Amino acid sequence: MTELESEVLPLPPRYRFRDLLLGDQSFQSDDRVQVEFYVNENTFKERLKLFFIKNQRSSLRIRLFNFSLKLLTCLLYIVRVLLDNPEEGTGWSHIFWVDRKMPLWAVQVSIALISFLETMLLIYLSYKGNIWEQIFRISFILEMINTVPFIITIFWPPLRNLFIPVFLNCWLAKYALENMINDLHRAIQRTQSAMFNQVLILICTLLCLVFTGTCGIQHLERAGEKLSLFKSFYFCIVTFSTVGYGDVTPKIWPSQLLVVIMICVALVVLPLQFEELVYLWMERQKSGGNYSRHRAQTEKHVVLCVSSLKIDLLMDFLNEFYAHPRLQDYYVVILCPTEMDIQVRRVLQIPLWSQRVIYLQGSALKDQDLMRAKMDNGEACFILSSRNEVDRTAADHQTILRAWAVKDFAPNCPLYVQILKPENKFHVKFADHVVCEEECKYAMLALNCVCPATSTLITLLVHTSRGQEGQESPEQWQRMYGRCSGNEVYHIRMGDSKFFMEYEGKSFTYAAFHAHKKYGVCLIGIRREENKSILLNPGPRHIMAASDTCFYINITKEENSAFIFKQEEKQKKKGFAGRGTYDGPSRLPVHSIIASMGTVAMDLQNTECRPANSSKLALPAENGSGNRRPSIAPVLELADTSSLLPCDLLSDQSEDEMTQSDEEGSAVVEYVKGYPPNSPYIGSSPTLCHLLPEKAPFCCLRLDKGCKHNSFEDAKAYGFKNKLIIVSAETAGNGLYNFIVPLRAYYRSRKELNPIVLLLDNNLDSLLQCGIIYADNLVVVDKESTMSAEEDYMADAKTIVNVQTMFRLFPSLSIITELTHPSNMRFMQFRAKDSYSLALSKLEKKERENGSNLAFMFRLPFAAGRVFSISMLDTLLYQSFVKDYMITITRLLLGLDTTPGSGYLCAMKITEDDLWIRTYGRLFQKLCSSSAEIPIGIYRTESHMFATSESQISINVEDCEDTKDVKEHWGIKTSHHRNSCSSDQSEHPLLRRKSMQWARRLSRKGNKHSSKTAEWISQQRLSLYRRSERQELSELVKNRMKHLGLPTTGYDEMNDHQNTLSYVLINPPPDTRLELNDIVYLIRSDPLAHVANDGHSRKSSCSNKLGSCNPETRDETQL
């Protein structure tokens, strides 16, 4: 070992530590070789080539100089012709010799010398080994003809008056102009317009032909009639235009030969130029051309980026976008990578759209196409996803790339992005406004289960309408429904508002009620100036300030409203006394209120604790007797914290005791309030929900299969207390999170929580096993696998037929369906021979002809909230351009976002005990004064006599046999219509045979009955056929249930409610009469906000009041 160490030599001096730190000085003295690159460009020839050819800016200057020289030579030729005197000579000598002045000759020789040297230099620089290719070029030959003779005259003076065809330089000028334009586009880094170049070439060709013919004929005719330059120009124009007057004609054969040559050249050159121009024009029509820079700087425009443009998408966007008055002067530039569809082309040729809509074929990923659309000057860019794609994730990826490309190219352009799947939303978080389709879809479907027709309510709110739909209809419900559909959400600063200015310093509830009573507007939310969050119904504790932004529902915005005061309001201004119930002095002491309003205040003092069996809409005991009109407590200007909202608002203990006492030993599902521990995707809004104390095992989630924890295999075995909500979907995607959260939100009572069943297999056995006969709602989500179809509108075929089958099997089940195309809603609950449906179809066509954006609104399934299309919410994104708060308000209404202090959407039902309120305005006051809730609309259900209904049989058949039996079995009286049940007929098996025999005897009587009787017979037969079909379907379902071992008792109780129609009334007038079973949409204030504001003082006061309250007190409005 020591020997090996001794053999290791020490480091040489150059590798000492000091040298390593200071650097190796000896290394600098080593030999180094300097390498120079691109030495070939340092030669004289390469430098000249760089200046004359390669460098874009210098070559552009050279070509511009050359173009100017050629134009100057043509101008000098005209000057020479004008100064020439052809009378001095005779014969053919005039063709070869001209009179050229000495100064003119000197200038022409100088120009010719410069042109010759430049041409030789360019030939030398562009030489590539083949000299003959350069020599026989037409431009070189013309250059030699026009320059060499002038150079010869320098050395041979007698040839100075020799004729030289200098006018041929016009063709060289045309060639220089083409090259100059190409260099110009290269120098400014701009994509040249092929259309512009081709038009320019065509114009230059025509000018050169006319100029050459004019100069040539004028010179040759020097030996003939001696035409002037103007007459030669006149002759060429008349000849080339094929008019040919014949007043000016060439007389000698050389000029005649020149005319023949020029005509032949024109017949060859011009068709080629026109062919190229037409081809480019057709291609431009396909690609759309450019949006001019001048127009982009002087006019406003928005850009619509889509994968493929369909006619429905285009018309929805244009109708909604141009529905706003201030957007009438905007241009819409459509950027789409596909060729324009035939239907789209036909629509864009309509003068209404052709002047405002520009279609560009191109990709948003190319800067050139974004430059064509002038994206950097755009007011906004709408990027829409292709929802017809089978792979929605791939469609989202394309949308994300488009959004990134636009943001990179035009960072200051506002982005409005539509995304399909919620897990992809965070990629476009930078956009100004984002609408996620699946989030809105599932939240809307969920709310449809607890607040009927929420989808219709939201759709009508986000559509622009004047409320003129259905006003010419004879049906009262259509006129009222169409009028209320014109309500939209608007905003205004409170200090600038006539609606709300007088309520400054008063509570939000007070302002909402009195604004609705006085002006008919519904105040739903506010936004503080210092806080950008929108609060829906912040409650009576919120004091209105002049700087607040008010959000309200009305037919039109306040700026477009005229104020016409009623006579009684004018009398109040003149000093008349006499205050009504609504106008009582709210700030007076309680004893003054009692003195002025009787026993009204007694209801006010007992609002803090209320038993469950007494409704918040309960009739005051003192007002219920005698002939006195029942009174309602006034809405206070300032909130009384001791008299608002039940004290057990968030008390879990009372609910637990109530549950145990009601169920008495049955299985109790315990819940705790908290946030979901796992978020399915990035960007989901946290919502306080009812959660299980412990996570359920995965095996227990299968309803149709037992496990070691339980042996239940169907919904009946679970013994659910509440009705089921069944979701029929293709896959359990992340979007289902937004379906579950609104149904499990903390503000919903535990007794209202419905079990949710996810059904992935849509057949009859699966439907029966999952408990469809115990379900209250069946939600059918559009299947992604059916999106792709050979015919676009056939994408909903499978869904429609399946839903129709379930509708026939389970007629009383509330089926909520999502479709891809809104036009297919007419096939839901389809009745082929229903004359009323045919009348609605005609009404829809009439409204569409009148330009309505909501032509489909009168379809019964849509009006009832049983069907909707997510494409109807595309208008939400479009409206955000004018109303930037619409997406936020919609998400708050749907429960997708929860802002502290903001209320939520819920519903209450009007019972017989609530009809004493009589009108919607009094209901508004009652809710504002008792529970601080803001009603925004009504969902109304009416009985209706359809053409195929048995309730319309009203003819007199006393002379017929068996009429009495028929009346007993078919229930002719319309007053029993609501209680009619299709399954009751199954108890009379001989009804069909007996009635058909009676119908035959009736038909044999022929002329004894009118045509009305024959019509009634056909209706009777149709009704009999329906009953027999109903029996067959009932037997089919019962047999399957027996085969699966399920009891059939629940199915026997299902009724057929096909003779009712439902519709939504948004913000109806205050004098609207309430009807039985009306469902009122409410915005209830956030209970957590009151708890956070009151702190421990409120908790102690609530605990003291609990002793006097019934333990079954609930936090929702009792019905």
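How many residues does helix 30 have, and how far does this helix reach from its first C-alpha to its last? In the predicted model considered here, helix 30 covers residues 797-809 and therefore has 13 residues, with a reach of 18 Å between its first and last C-alpha, which is close to the 18 Å expected at 1.5 Å a residue. Several side chains of this helix are buried, namely those of Thr 799, Ile 800, Val 803, Gln 804, Met 806, Phe 807 and Leu 809.

Charged pairs were examined next. Side chains of opposite charge can pair when their charged atoms come close, and a search of the whole structure finds 19 salt bridges. One of them is formed by Lys 421 with Glu 438, whose closest N and O atoms are 3.3 Å apart.

The side chains of Glu 439 and Lys 425 meet at 2.9 Å, N to O, and both residues are buried.

Glu 439 takes part in a further salt bridge, with the side chain of Arg 891, at a distance of 2.8 Å from N to O. This pair links distant parts of the chain, since Arg 891 is placed in helix 34 (residues 886-894) and Glu 439 in helix 19, 452 residues apart. Arg 891 is buried, as is Glu 439. Through salt bridges that share partners, Lys 425, Glu 439, Arg 891 and Asp 897 are joined into one network.

The confidence of the prediction has to be considered alongside these features. The mean pLDDT of the protein is 76, and 74% of its residues reach 70 or more. Over residues 622-627, however, the pLDDT is below 50, and this stretch has 7 contacts in the model beyond near neighbours in sequence. The pLDDT is likewise below 50 over residues 948-1009, a stretch for which the model shows 81 contacts beyond near neighbours in sequence. Where pLDDT is low, the predicted coordinates should not be read in detail.

Technical notes. Residues are numbered from 1 along each chain as its sequence is written. This is a predicted model: local features need pLDDT of at least 70, side-chain atom pairs count only at pLDDT 80 or more; totals for chains, interfaces and linings use all residues. Side-chain values use heavy atoms; hydrogens and water are left out. Helices (H or I, at least four residues) and strands (E, at least two) are DSSP runs, numbered from the N terminus. Buried means under 20% relative accessible area, exposed over 50%, partly exposed in between (1.4 Å probe, protein chains only). A salt bridge is a side-chain nitrogen of Lys or Arg within 4 Å of a carboxyl oxygen of Asp or Glu. pLDDT is the predictor's confidence in each residue, from 0 to 100. Contact means heavy atoms within 4.5 Å.
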